[in-house]
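Thanks for sending this one over. My notes follow below, as numbered points you can check against the model.

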Amino acid sequence: MHTQKIIFRVDGNNTIGLGHISRCCALADMLKDNFQIFFYTRANEKSIIKSIKKYCSDVFKLNDKIPYDDEAVGWTSILEGNEIVVLDGYYFNTRYQQQIKTKGCRLVCIDDVPAYHFIADIVINHAPGISKKDYSIEFYTQLYLGSDYVLLKKIFLEEALKADKSLNKKESSILISFGGADPNNITKQVLKETIHSFPDKKINVVVGAVYNYLQELKKIVEDNKHVYLYINVKPKEMLALMQQSNTAITSASTIALEYICIKGNLFLKCIADNQETIYKSLIEKKCAHPYELIKSNHYSNEIIRNQNNLIDGRSNERLVKIFSQLIYTNKKNCLKFYRAKHEDAGLLFEWINDPEVRAQSLSTNIITYDEHTKWFEKKLADKNCYLYIAYNKNLPAGMIRFDLYDTECAISYLVNKSERGKGIGLLIINYGIEQFKKDSHFKGFIKVNAVVKKTNKPSLKIFERSGFEKKNKNADLINFKKIIEC
């Protein structure tokens, strides 16, 4: 039995569509073998609830009549504080997030429109082309952006792992799909235009459980024998339809990313404001064409190569690792910082001569104990040196050092070998800086500088996620800087 609970809070209906639910179910599918999954939702449709239950232990219905601020106070009262909570929706603003954070829970927000300040531990946005500059976040918030973290069901990710294919414009049907709701009935408009442009082509049309214009669509299908209608299809059936179709016309949403995994001639329509980032990025990266060009018969194998480079099919591995690390890194209180003392000399000597530490140090030479003790005593006596030992649950987890000079300081850190791979390095940087700000005798703005070897990829990622600005991208030594206020 998995004891760690993950609670998803997500909605979907014929107005906002089913995209939020679809990507939460995809993430739950990735995580369900390692965690106990529960969903809380305002969704009413029985077919929606039934589909969600395939990916979790249970689904709980929330009152759709009360304001979201009141809802946040209500249902979060059941939280014990040791859960991971995942929010996906436009109403889960900073105030809503605060209700969960005050319970002590770890918080993950799935987002596609950076519309407010995030206080979550993690924000995931799988839109290609999104940037960390688009976000307002806390210093501890980790951003996982772009198609490396694409939220798709495993069946599509497995297709992305397969080799390239070539387009064959003669032997193929056309797929049309605009998601589970399509409130403005773009499906009908595009279907009529496609029938007119390709009168001899087989056309497969897919609509979802909350599509409100079914009778209008059925009438068109009855009058055109080469058009086939599919309603609320399962992922396996959707995959088969995509595989039959070298051409697809979709919204710039999760459905487009699913089709990119299959690799084909994709034409996009942007039918909602939250789709603009995906639309622009896929067009710019030449992974898709604007829908308006479909009459020009743009068939190109270049698009297949670009699609193959966009989604590598391994986002599930990355996301499982991220959530597994979150178990260890949920709270500031899991780390305690103490100024180094004379009796810490032996511990630091052991750490700095670890082969991995030496390999990533600016000087790779082994340090003798005599050299170390002279350096260590000098640092302890230096009032401008702030040297801390970080403890995780009373066990030494790592070290961080700040060397202050004028209005700048140099930062360096290391992680105990036994604590690596748990995300501790990020915490040591972020909370170490907070500790330094409290203890520093200097008051005002300080530029914090770090130097990292280009080969030290874990540290490069940690400094980037901690909000440091990279100054030189192509050198062997990468310089980072961050302005903080003490």
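**Notes on helix packing, sheet and cores**

1. Helix α8 passes helix α9 in a right-handed crossing (right-handed if the near helix is turned clockwise from the far one by less than a right angle, left-handed if anticlockwise). Here α8 covers residues 235-244 and α9 residues 254-262; their axes come within 10 Å and cross at roughly 60°. That makes α8 oblique to α9 (under 35 degrees counts as roughly parallel, over 145 as roughly antiparallel, 65 to 115 as roughly perpendicular, the rest as oblique). Axes are lines fitted to C-alpha atoms, for helices over the stretch in contact, with angles from 0 to 180 degrees between N-to-C directions. Helices (H or I, at least four residues) and strands (E, at least two) are DSSP runs, numbered from the N terminus.

2. A word on the basis: this is a predicted model, where local features need pLDDT of at least 70 and side-chain atom pairs count only at pLDDT 80 or more, while totals for chains, interfaces and linings use all residues. Residues are numbered from 1 along each chain as its sequence is written, and side-chain values use heavy atoms, with hydrogens and water left out.

3. Which residues of α8 and α9 meet? Met238, Leu239, Met242 and Gln243 in α8 meet Ile255, Glu258, Tyr259 and Ile262 in α9 (contact means heavy atoms within 4.5 Å).

4. From α13, Ala345, Leu348, Phe349 and Ile352 meet Tyr369, His372 and Phe376 of α15.

5. Now the sheet: seven strands form an open, mixed sheet in the order β14-β15-β16-β17-β18-β20-β19 (two strands pair if DSSP finds at least two bridges between them). β14 (335-339) and β19 (469-470) stand at the edges with a single partner strand each, so one side of each has no neighbour in the sheet. Helix α17 (residues 457-465) packs on this sheet, touching β17, β18, β19 and β20, and its direction makes about 160° with that of β18.

6. Finally, the largest nonpolar core has 67 residues, of which Phe8, Phe39, Leu282 and Phe323 touch the most other members (a core is a set of buried Ala, Val, Leu, Ile, Met, Phe, Trp, Tyr and Cys residues joined through side-chain atoms within 4.5 Å; buried means under 20% relative accessible area, with a 1.4 Å probe and protein chains only). Apart from this core lies another, of 36 residues, including Tyr140 and Phe480.

Terms used. Buried means under 20% relative accessible area, exposed over 50%, partly exposed in between (1.4 Å probe, protein chains only).
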